[in-house]
Amino acid sequence: KDMMKFYFEPSKYGHEHSKDEIKDVKVTDYYTLEVTNAKEAYFVIGSNVYGPMGEELIPFKNESQAKKFMEDHFGKKVLKFDEIKKEMLF
């Protein structure tokens, strides 16, 4: 979730580039621990798995694993990278 906060507002964290200039975003698949391209990943929002900052976006390389996780952990929704909105992060 913190990565996405930075993605939407890099100037808030002392960076002068826009989100459109960020070309390579990586995440770690929750189950396999494989690094994957965030723009191709699936994210579960609103689950009962929390990080240090509370609710997290839990990343997965494939949609079927994301849906299984969502069912097992009471997630609210599976989202693709471009479906994540700034308002969802607070």
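Predicted model: local features only at pLDDT ≥ 70, side-chain atom pairs only at ≥ 80, totals over all residues.
Helices here are DSSP runs of H or I with at least four residues, strands are E runs of at least two, and both are numbered from the N terminus. With that settled, I counted two helices and five strands in the protein chain. Reading along the sequence, I get α-β-β-β-β-α-β. The radius of gyration, taken over C-alpha atoms, is 13 Å, close to the 12 Å from the globule rule (2.2 Å times the number of residues to the power 0.38) for 90 residues, so the chain is as compact as a globular protein of that length.

Residues are numbered from 1 along each chain as its sequence is written, and side-chain values use heavy atoms, with hydrogens and water left out.

Next I looked up the box: the C-alpha atoms fill roughly 40 × 25 × 20 Å along the principal axes.

Then burial. I find 36% of the 90 residues buried, meaning under 20% relative accessible area with a 1.4 Å probe, protein chains only.

For contacts (heavy atoms within 4.5 Å), I took those with a separation of 6 or more; residues 24 or more positions apart account for 52% of them.

Last stop, threonine 36. I located threonine 36 in strand 2, residues 35–37. Its relative accessibility is 9%, so threonine 36 counts as buried. Leaving out residues up to four places away in sequence, I see threonine 36 touching Val25, Lys26, Val27, Ala41 and Lys61.

Definitions and conventions: Buried < 20%, exposed > 50% of the residue type's maximum accessible area, 1.4 Å probe, protein only.
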